[in-house]
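Keep the 3D view open as you read.

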Amino acid sequence: MSSVPADDPALELVIDFLNTYDDLATPPDRLSIQRVTELLDRHGQPALALRASDLESLRRLRERLRPAFASPDAAGKAAAVDDVLRTESARATVVVDDAGTVALRATGGDGPVGQLAVLLADVLARALSTGGADRFGTCAADPCHCVYLDRTRSARQRYCCQLCNDRMAAAAYRRRSRAANPGPA
């Protein structure tokens with residue numbers, strides 16, 4: 001069984017970025033330049049010089065990365081990440097952090113959206129390779145399709161949050177109650 005990827009603030013950034021589209025929110029699309037800037041800051045990433053004209057490119061990036069969570073198999077998840085890395089002309093770089101740890105990282109990308117694309121795809125590639133593709137999923141609660149990283153020990157998470165879990169449990173309870181007590185005919 002694969003282990004859960006290490007808690008990486010950049011991995012949380014990927015999840016938060018993808019979940020800027022949420023069918024249960026009003027409005028469902030909450031992506032904005034300000035929101036991306038806030039997410040980068042919150043997750044300890046360098047600021048990017050994003051402009052209002054980058055918004056459509058950010059939306060396309062969000063949709064290009066979604067299959068890394070939504071694809072039913074590891075090959076589809078990896079293909080989504082690889083497509084972003086190839087499209088953005090990412091290159092591999094060996095980096096050494098302050099603790100002396102050596103790692104392979106993807107770098108590159110033209111402009112701020114390209115740099116963000118490479119950052120997010122690099123994080124996903126590392127997490128997929130260390131944590132396993134089976135840990136990446138989309139919420140099973142209809143109509144929610146938010147993404148999540150399954151950190152449960154049993155690898156059985158199906159919902160993005162407790163709210164969706166509770167909504168589906170309540171719906172199942174109502175179905176069972178109606179089946180047990182069909183009412184007058």
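Before anything else, one cut-off: a residue is called buried when its relative accessible area is under 20%, exposed when it is over 50%, and partly exposed in between. Bear in mind too that this is a predicted model.

With that in hand, look at helix α1, residues 9-18. Seven of its ten residues are buried, so α1 is largely enclosed by the rest of the structure. The buried ones are Ala10, Leu11, Leu13, Val14, Ile15, Phe17 and Leu18. And what sits over them? The cover includes the helices α2 (33-42), α3 (55-65), α4 (67-70) and α6 (111-131), along with the strands β3 (136-138) and β4 (147-149).

The chain has seven helices and four strands, and from the N terminus they run α-α-α-α-α-β-β-α-β-β-α. The C-alpha atoms fill a box of roughly 70 × 40 × 30 Å along the principal axes. Of the 185 residues, 38% are buried. Among contacts with a separation of 6 or more, 53% are between residues 24 or more positions apart.

Back inside, the largest nonpolar core has 38 residues, and Phe17, Leu58, Phe69 and Leu124 have the most contacts within it. Elements giving two or more residues to this core are α1, α2, α3, α4, α5 (74-87), α6 and β4. The largest share, ten residues, comes from α6. Pick out Leu58 to see how this works: setting aside neighbours within four places in sequence, Leu58 is in contact with Phe17, Leu31, Ile33, Val36, Leu50, Val113 and Leu116. There's also a second, separate core of six residues, including Cys139, Ala141, Cys146 and Tyr159.

Ser71 lies in the loop between α4 and α5, and it is buried at a relative accessible area of 15%. Its side chain reaches the backbone oxygen of Pro67 at 2.9 Å. Leaving out residues up to four places away in sequence, Ser71 touches Gly76 and Lys77.

Next, the charged pairs: the count comes to 13 salt bridges. In helix α3, Arg59 and Glu56 are three residues apart, about one turn, and their side chains meet in a salt bridge at 2.7 Å, N to O. Arg59 is partly exposed at 22%, as is Glu56 at 44%. Helix α5 has a pair four residues apart, again about one turn: Asp82 and Arg86, which meet at 2.5 Å, N to O. Here Asp82 is partly exposed at 37%, whereas Arg86 is exposed at 55%.

Arg126 is partly exposed at 22%, but Asp122 is buried at 9%. Elsewhere, salt bridges with shared partners join Asp29, Glu56, Arg59, Arg62, Glu63 and Arg66 into one network.

The accessible surface comes to about 10,300 Å², with 54% of it belonging to carbon and sulfur atoms. Val94, Val96, Val102 and Leu104 make a nonpolar surface patch of about 410 Å², to which β1 (91-96) and β2 (102-107) each supply at least two residues. Val102, in strand β2, is exposed at 55% relative accessible area.

Conventions: Residues are numbered from 1 along each chain as its sequence is written. This is a predicted model: local features need pLDDT of at least 70, side-chain atom pairs count only at pLDDT 80 or more; totals for chains, interfaces and linings use all residues. Side-chain values use heavy atoms; hydrogens and water are left out. Buried means under 20% relative accessible area, exposed over 50%, partly exposed in between (1.4 Å probe, protein chains only). Contact means heavy atoms within 4.5 Å. A nonpolar core is a set of buried Ala, Val, Leu, Ile, Met, Phe, Trp, Tyr and Cys residues joined through side-chain atoms within 4.5 Å. A polar contact is a pair of N or O atoms within 3.5 Å; within protein, one must be able to donate a hydrogen and the other to accept it, and residues adjacent in sequence count only if both atoms are side-chain atoms. Patches are made of residues with over 30% relative accessible area and no salt bridge: like charges are joined within 9 Å, nonpolar side chains (Val, Leu, Ile, Met, Phe, Trp, Tyr) within 5 Å. Accessible areas come from the Shrake-Rupley method with a 1.4 Å probe; for residues, only the protein chains shown count as cover. A salt bridge is a side-chain nitrogen of Lys or Arg within 4 Å of a carboxyl oxygen of Asp or Glu.
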